[in-house]
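Please read the following explanation alongside the sequence and the coordinates. It moves from the surface to a sheet and then to the charged pairs.

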Amino acid sequence: MAALFRKPLFLSLLSGLLLALGWPTYGCPLLLFVGFIPLLLAEKQWRERSKKTKLKVWANAYLTFLTFNFITTWWLFYASAFGMLFAVLVNSLLMSLLFLLYHVVAKRVSAKLSLLFLVSIWLSFEKFHLNWDFSWPWLNLGNGLADYPKWIQWYEYTGAFGGSLWILGVNAVGFYWISNWREIHPAAIFKTVFPKLVALIALPIVISFWIYNTYEITGKTKEVIVLQPNVDPYTEKYDTPNLDITRGLLEQTDKIITPKTEFILAPETVLAENAPFDEFYYSAGRQMMLDYLNKHPKAQLLWGIDTYHFILDPKDVAVSSNQYRPGVWVDFYNAALFLNHGPEMQKYYKSKLVVGIENLPYKAVLEPLLGNVMLDLGGTISTKTTQLERSVFTADDGTKVAPIICYESVYGEYVTGYVKNNADFLAIITNDAWWNETQGHKQHLTFASLRAIETRRDVARSANTGISAFINQKGEIVSRTKYGEKTALLGEVHLNKKLTFYVRFGDYIARIAAAILALLTIYILILKRRINY
């Protein structure tokens with residue numbers, strides 16, 4: 001057994017398996033806290049064997065992260081084989097390059113500084129991955145604890161980056177302790193290092209349980225219905241007129257609505273006829289919705305719509321605009337609509353877009369070279385138009401609702417923008433049917449629990465097919481539907497006005513990590529220059 005721990009290839013593969021088997025919703029998150037250690041041991045062996053090791057270290061790291069990425073996100077295949085390969089191969093490449101940089105640094109500075117460099121650059125990468133055009137933060141490490149909300153109640157202070165720091169820190173410290181042994185003796189190391197690692201993992205969990213048991217869910221309650229129409233996005237959704245969809249949704253609502261019901265949520269782009277917004281405004285479907293509200297004086301509708309707007313004036317053309325024909329452009333919107341008893345219909349445009357489905361990355365540069373080429377990861381393929389502010393919908397009684405559309409729920413600091421604009425609860429509308437009955441829709445649901453804890457806001461989640469649910473301020477799933485069923489779920493949400501530490505300060509851990517990374521980089525460059533002289 002000890003001989004295996006002297007084989008870098010085995011160690012690299014082991015790291016990939018540990019990280020993958022620690023991921024929600026099938027895995028045990030405890031494995032994440034040791035997932036990097038075998039790869040770090042493999043790197044140390046290569047580093048001590050010879051000087052020319054960069055290619056070997058990179059290849060081993062790529063094996064680790066390819067294993068991790070493939071096992072956790074293979075389900076993208078159901079939307080697009082090419083899209084899955086692109087996401088898995090490129091994300092693995094980026095992660096392996098980070099590890100290669102760590103290897104280069106580890107050759108020049110002490111073990112403690114090099115490990116600090118690894119933690120800092122990984123956290124900085126996760127922050128960067130939240131914001132660039134190829135954003136794919138699904139595998140940010142803090143997300144890996146989403147299935148165990150009782151462990152991470154302190155996310156209200158740190159956000160998911162606190163989880164990433166915890167996982168990376170335990171791995172770095174564990175490796176440092178193990179690497180001080182001249183020979184790898186698993187039994188002896190288990191007796192000495194394992195208890196210390198348990199303590200590092202257990203302490204934050206104990207603190208979290210204390211927060212969990214002392215936190216009180218308070219505030220006014222509102223009765224909400226979340227609809228799950230279970231429409232096949234590949235065969236039915238875009239071929240069914242909005243009027244028929246509206247009639248069906250309202251029939252579902254009729255089965256469980258009560259005089260107390262105030263909010264009725266329907267999924268992302270559930271109105272998918274793809275008609276111009278002006279046409280929908282005067283449509284029979286909208287009139288049917290208004291008639292329904294007249295019959296139910298307290299009810300209000302928050303539904304998703306796929307729509308567009310033509311542009312004739314070149315001055316109004318934006319980077320995201322699509323040319324329809326010479327002299328005519330069109331803006332496409334993945335939007336949320338809110339209809340209440342006020343005179344105007346409120347709307348919000350989805351603004352965190354899925355790469356390759358809803359936006360062409362770096363469109364101003366790539367479109368002249370490639371045309372409007374899109375990577376189909378699941379969804380409608382057209383560049384969408386976004387908005388700068390996180391709009392909240394105002395109900396008849398002044399209640400503020402955050403309309404979070406699908407992929408936006410993966411972004412912690414982004415969601416705080418709604419709360420800073422006074423959202424009392426979070427409404428997530430999504431369509432997770434693109435990936436079939438796989439881990440994809442299950443993982444997406446658990447990420448909503450992270451947003452609930454970070455903001456201490458209840459979540460009402462309406463999925464076309466996936467899992468619709470109610471989640472409380474502790475991140476617990478109070479009630480949920482099953483995958484693949486046409487149904488409606490009645491529940492309550494609590495309203496909260498308080499701002500958590502994380503809402504006020506956002507991803508400060510990542511920003512501190514970026515500052516430390518900058519200082520370490522400067523120090524390493526100065527040190528290298530002195531050595532050369």
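A patch is made of residues with over 30% relative accessible area and no salt bridge, where like charges are joined within 9 Å and nonpolar side chains (Val, Leu, Ile, Met, Phe, Trp, Tyr) within 5 Å; accessible areas come from the Shrake-Rupley method with a 1.4 Å probe, and for residues only the protein chains shown count as cover. This is a predicted model, in which local features need pLDDT of at least 70 and side-chain atom pairs count only at pLDDT 80 or more, while totals for chains, interfaces and linings use all residues. Residues are numbered from 1 along each chain as its sequence is written, and side-chain values use heavy atoms, with hydrogens and water left out.

On the surface, Leu 13, Leu 17, Leu 21 and Tyr 26 form a nonpolar patch that together has about 310 Å² of accessible area. Leu 13 belongs to helix H1 (residues 8-21), where helices (H or I, at least four residues) and strands (E, at least two) are DSSP runs numbered from the N terminus. With a relative accessible area of 37%, Leu 13 is partly exposed, a class that lies between buried (under 20% relative accessible area) and exposed (over 50%), with a 1.4 Å probe and protein chains only.

The sheet comes next. An open sheet with mixed pairing is formed by 6 strands in the order S7-S8-S9-S10-S11-S12, two strands being paired if DSSP finds at least two bridges between them. Strand S7 (393-394) and strand S12 (477-480) are at the edges with a single partner strand each, so one side of each has no neighbour in the sheet. Strand S10 (residues 459-463) pairs with strand S11 (residues 469-471) in the antiparallel sense over 3 bridges, and Arg 461 has Ala 469 in S11 as its bridge partner. Helix H13 (residues 412-420) packs on the sheet, touching strand S8 (400-405) and strand S9 (425-430), and its direction makes about 155° with that of S8; contact means heavy atoms within 4.5 Å, and axes are lines fitted to C-alpha atoms, for helices over the stretch in contact, with angles from 0 to 180 degrees between N-to-C directions. Helix H14 (residues 439-455) also packs on the sheet, touching S9, S10, S11 and S12, with its direction at about 30° to that of S11. Within helix H14, Ser 449 is buried at 3% relative accessibility and, not counting residues up to four places away in sequence, touches Ala 146, Ile 471, Gly 475 and Ile 477.

Which charged pairs link parts of the chain that are apart in sequence? A salt bridge is a side-chain nitrogen of Lys or Arg within 4 Å of a carboxyl oxygen of Asp or Glu, and the count comes to 15. In one of them, the side chains of Arg 461 and Asp 432 meet at 2.9 Å, N to O, linking strand S10 to the loop between S9 and H14 across 29 residues. Arg 461 is buried at 0% relative accessibility, and Asp 432 is likewise buried at 0%. Arg 511 forms a salt bridge with Glu 413, with the closest N and O atoms 2.7 Å apart; Arg 511 lies in helix H16 (residues 508-532) and Glu 413 in helix H13, so this pair ties together parts 98 residues apart in sequence. Arg 511 is partly exposed at 42% relative accessibility, as is Glu 413 at 23%, and a network of salt bridges links Lys 127, Glu 413, Asp 507 and Arg 511.
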